Amino acid sequence: MSLTVFGGSLEFVAVSMLLAPFAPVQVMAITCMVQARHLFYGIAMLDRYRGMGWKKAYLIFGLCDETFSINYSARIPEGVDRGWFYFFVTLLNHFYRVSGATIGGVAGSLVAFDTSGLEFVMTAMFVVIFLDQWLKERRHWTALIGVGAAAGCRLVFGADSFVVPTMVCILVLLMAPRRPIEVEGGLL
């Protein structure tokens, strides 16, 4: 599954969906909600992946959290082809995911240990990605839009129902003024 479902948390959800009664609409809805962040990754990578030729399809397929973080923030040295750089980062991350899942599946049944307390890892990873982007960008409109939309939607919709409205708000707020945000001297 890690070879073809390159979606992180969706891999965990897929197991329960495969064991449940056939419900394609619910599966599609859950898949879209779990993987919605990839829409924002894709928007951020539109210009970077432009003109990649045949590599573009694989770059889009392999755009996971780790690949986005590296490819978005990388300062590619002069003389290095950015298409091949992006391609090999994506390929290596894909290889690491598949080999890690395979080793974990085989060794996981042989070694038992307590995993309690590891819940913070994903949250910590997203905080690091956010801070990395914050430090590298001169203007922080995209970060402020994300934080503001999340805070506002949490107040309006409550803790149990704010994620989907937040993503819709962020999408609308980022797409409407996309050019002014990207252009030097835009909104600030």
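## Helices α3 and α9

In this predicted model, helix α3 (residues 37-45) and helix α9 (residues 163-175) have axes that come within 10 Å and cross at roughly 15°. Axes here are lines fitted to C-alpha atoms, for helices over the stretch in contact, and angles run from 0 to 180 degrees between N-to-C directions. Helices are DSSP runs of H or I with at least four residues, strands are runs of E with at least two, and both are numbered from the N terminus. α3 and α9 are therefore roughly parallel to each other; angles under 35 degrees count as roughly parallel, over 145 as roughly antiparallel, 65 to 115 as roughly perpendicular and the rest as oblique.

The crossing of α3 and α9 is left-handed, a term used if the near helix is turned anticlockwise from the far one by less than a right angle, with right-handed used if clockwise. From α3, the residues Arg-37, Leu-39, Phe-40 and Ile-43 meet Met-167, Ile-170, Leu-171, Leu-174 and Met-175 of α9. Contact means heavy atoms within 4.5 Å. The residues of this contact comprise 8 nonpolar, no polar and 1 charged. In this classification Ala, Val, Leu, Ile, Met, Phe, Trp, Tyr, Cys and Pro count as nonpolar, Asp, Glu, Lys and Arg as charged, and the others, Gly among them, as polar.

## Basis of the description

Residues are numbered from 1 along each chain as its sequence is written, and side-chain values use heavy atoms, with hydrogens and water left out. Because the model is predicted, local features need pLDDT of at least 70 and side-chain atom pairs count only at pLDDT 80 or more, whereas totals for chains, interfaces and linings use all residues.

## Helices α8 and α9

α9 also packs against helix α8 (residues 141-157): the two axes come within 9 Å and cross at roughly 145°. α8 passes α9 in a right-handed crossing. On the α8 side, Thr-142, Ile-145, Gly-146, Ala-149, Ala-150, Cys-153 and Phe-157 take part, and they meet Pro-165, Thr-166, Cys-169, Ile-170, Leu-173 and Leu-174 of α9. The contact of α8 with α9 has 10 nonpolar, 3 polar and no charged residues.

Val-163 is found in α9. This residue is partly exposed, with a relative accessible area of 43%; buried means under 20% relative accessible area, exposed over 50%, and partly exposed in between (1.4 Å probe, protein chains only). The C-alpha atom of Val-163 is separated by 11 Å from that of Gly-152, which is 11 residues apart from Val-163 along the chain.

α5 is mostly covered, with 7 of its 9 residues buried. The buried residues are Asp-65, Thr-67, Phe-68, Ser-69, Asn-71, Tyr-72 and Ser-73. Their cover includes α3, α6 and α7 (120-136).

The axes of α5 and helix α6 (residues 82-108) come within 10 Å and cross at roughly 155°. That makes α5 roughly antiparallel to α6, and the crossing is right-handed. Glu-66, Thr-67, Ile-70 and Asn-71 of α5 form the contact with Phe-85, Tyr-86, Val-89, Thr-90, Asn-93 and Arg-97 of α6. By class, 4 nonpolar, 4 polar and 2 charged residues make up the contact of α5 with α6.

Thr-67 lies in helix α5 (residues 65-73) and is buried, with a relative accessible area of 0%. Beyond its neighbours within four places in sequence, Thr-67 is in contact with Tyr-49, Gly-62, Tyr-72, Val-89, Thr-90 and Asn-93.

## Nonpolar cores

A nonpolar core is a set of buried Ala, Val, Leu, Ile, Met, Phe, Trp, Tyr and Cys residues joined through side-chain atoms within 4.5 Å. The largest has 11 residues: Tyr-41, Met-45, Tyr-49, Met-52, Tyr-58, Leu-59, Leu-63, Phe-68, Tyr-72, Tyr-86 and Phe-87. Two or more residues of this core come from each of α3, α4 (55-61), α5 and α6. A second, separate core of 5 residues includes Ile-145, Ala-149, Ile-170 and Leu-174.

Tyr-58 touches Phe-87, Thr-90, Leu-91 and His-94, leaving out residues up to four places away in sequence.

## The chain as a whole

The chain has 10 helices and 0 strands. Its C-alpha atoms fill a box of roughly 55 × 50 × 35 Å, taken along the principal axes. Of the 188 residues in the chain, 29% are buried. Among contacts between residues at least 6 apart in sequence, 65% join residues at least 24 apart.
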